[in-house]
Amino acid sequence: MYKIAPILLLPIVAFSTTLYFHQSGGQVTLTPMESKTRSSNKDIDNYTTSNGSVVGVGDTILVTFYNTKNVKELMQKYDIKLKEKLTDTIYVFSVEDKSLTIDTANALFDEKSVRYSTPDFFQKKIAR
Amino acid sequence: MRYFYALVFLLFIGCGGDSSEGNVNASSLGYGATITDELYQYQWSIHDNDSFFTQYNINTNASIGLDSYIDTYRGDGVRVAIIDDGFNTDAQDLQDAVLYTYDNETQSEGVSEGISSSGSTSHHGTGVASVLGARINGFGMVGVASRTSLILIKYKKEGETDDETIRLFKIAKEQGARVINCSWGTENVPDSVKAYIQELANEGIAIVFASGNGDSNGNAEWIPTNDEANIEEVITVGATNNLNKVTSYSNYGTNLDIVAPGGASSFTKYTGLWRAIISYALSDGGVYYASGTSFAAPIVSGAIALAFQANPNLTLTQINDIIKSTSDHLSGYTYNSSGFNLYTGYGKLNVKKFIKAAEDLR
């Protein structure tokens, strides 16, 4: 039993050290930042992306569907709650804990009915 | 802050008592009336004033040539949304201009001026709104589309979630905007936001983005791959200066569509004032000058509003075609067989040709 434990933990560690999200057909790496900000009474974890942006991740996921027939099924499968239906195909879901947001968004991305799925990033608009 | 480049100065130019709020009729003056707005004579970006151009060494082709249609089209009946950092709806030049406002900070109607990162009043959004839609009212400056109806949407200073960004565009659509001006960017537009912007464009809404103002040193760079300005369906606008050249800070790339006056970046407060764009007239005679692609974008958005007035049935495909076929190629730049150059897009906005082409499609 004691020999198995490290083997079981290994994938968890590996999974948590390669944070990324899907964008434009590729993967963008997320690197955690130390500072945290609070917005709308919700904790946000800050990350830098591999393309140099700073983004915050809370407990919501933004999903665009090809079709929405199995939304309820996906909600059960990933233990997510519908926060808002923005359009016929764009939904906002919340997860139990923001530590699950990135992995859940990536798992949803692999579903056939899902076109796009990313953390519902918190980010600044820069005036030009 | 890396890409924020709007340079704003407050300068009192001594308009005198004639421009005090009490003496001015804030309502838009009708077509054909003599334009007496004090600052119009200095607005090299839109208005050809030969003596002024000569005095300040402004290139004779630097403006967009708004004069040719200012007594024919002013954007009547066309709704234009501006998503920006805040707005002063009490600004004298915006009286009668504002149809609807929404503040995402309060998630309700009613907006106020933005706050800059240093904590001072920003004026960015008010400047953008004024460049686009300042009224011809005997006061201050003249907007490109001086009778258009503005939908002013204020984003959150400290940032907001992507679903909120979608909601801001959705509000613009629900309020009937035919043009949405965005003088900002994130450089990290998620696929869902991108898809929604594309969806609106496919519905015929002209979504105009500023191309961006270069790197941390203000030197132009390639428009970032994941920036809103790099979305193909968006109309991306770069900036030219008083010499009718692309400015040193104006971002470029294969998705740059058009350039318009945005003002020079390097100017001193007194000697080079006229290289910048007049962006906001204060009721006490003060004037804000600014430069950046932020202020080139509303010039193009305003011109599109004029085109929609000239031809309400114009499609976005036709607008894109008109941009390609009517923009002026700038001297010193090489254009490919499609008439495209990485730094100017299809060229500089020429209102006379732009509107004529819109009329011809009726």
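Analyst: What follows sets computed values against the definitions behind the words.

This is a predicted model, in which local features need pLDDT of at least 70 and side-chain atom pairs count only at pLDDT 80 or more, while totals for chains, interfaces and linings use all residues. Residues are numbered from 1 along each chain as its sequence is written, chains are lettered from A and ligands numbered from 1 in the order in which they are written, and side-chain values use heavy atoms, with hydrogens and water left out.

User: Which elements make up chain A, and in what order do they run?

Analyst: Chain A has three helices and ten strands, where helices (H or I, at least four residues) and strands (E, at least two) are DSSP runs numbered from the N terminus. From the N terminus on, the order is α-β-β-β-β-β-α-β-β-α-β-β-β. Of the 128 residues of chain A, 45% count as buried, a word that stands for under 20% relative accessible area, with exposed meaning over 50% and partly exposed the range in between (1.4 Å probe, protein chains only).

User: What makes strand β7 of chain A largely enclosed?

Analyst: Five of the five residues of β7(A), residues 90-94, are buried, so the strand is largely enclosed by the rest of the structure. Both faces are covered, with I90(A), V92(A) and S94(A) buried on one side and Y91(A) and F93(A) buried on the other. In a regular strand the side chains alternate between the two faces of the sheet.

User: How do you know which strands pair with β7(A)?

Analyst: Two strands pair if DSSP finds at least two bridges between them. Strand β5 of chain A (residues 60-65) is joined to β7(A) by five bridges and runs antiparallel to it, and strand β6 of chain A (residues 81-85) pairs with β7(A) in the antiparallel sense over four bridges. V92(A) is the bridge partner of L62(A), and E84(A) also stands opposite V92(A).

User: Why are helices α3 and α4 of chain B called roughly parallel?

Analyst: Two packed helices are described by the angle between their axes and the distance between the axes. For α3(B) (residues 162-174) and α4(B) (residues 191-202), the axes come within 9 Å and cross at roughly 10 degrees, and that makes α3(B) roughly parallel to α4(B). The axes are lines fitted to C-alpha atoms, for helices over the stretch in contact, and angles run from 0 to 180 degrees between N-to-C directions. Angles under 35 degrees count as roughly parallel, over 145 as roughly antiparallel, 65 to 115 as roughly perpendicular and the rest as oblique.

User: Which residues of α3(B) and α4(B) make that contact?

Analyst: Taking contact as heavy atoms within 4.5 Å, α3(B) contributes D162(B), T165(B), I166(B), F169(B), K170(B) and K173(B), and α4(B) contributes S192(B), V193(B), Y196(B), I197(B) and L200(B).

User: Why do β3 and β10 of chain B count as the edges of their sheet?

Analyst: Seven strands of chain B form an open sheet with parallel pairing, in the order β3-β4-β2-β6-β8-β9-β10. β3 (98-103) and β10 (258-261) each have a single partner strand, so one side of each is left without a neighbour in the sheet. Neighbouring strands of this sheet are turned by 25 degrees against each other on average, direction ignored.

User: How do you know that R79(B) is partly exposed, and what does its side chain reach?

Analyst: R79(B), which lies in strand β2 of chain B, is partly exposed because its relative accessible area is 34%. A polar atom of its side chain lies 2.9 Å from the backbone oxygen of Q175(B). That is a polar contact, defined as a pair of N or O atoms within 3.5 Å where, within protein, one must be able to donate a hydrogen and the other to accept it, and residues adjacent in sequence count only if both atoms are side-chain atoms.

User: Why is S327(B) called buried, and what lies around it?

Analyst: S327(B) is called buried because its relative accessible area is 8%. This residue is found in the loop between α6 (316-326) and α7 (351-360) of chain B. A polar atom of the S327(B) side chain lies 2.7 Å from the backbone oxygen of I323(B). Not counting residues up to four places away in sequence, S327(B) touches I258(B), I322(B), Y346(B), G347(B) and K348(B).
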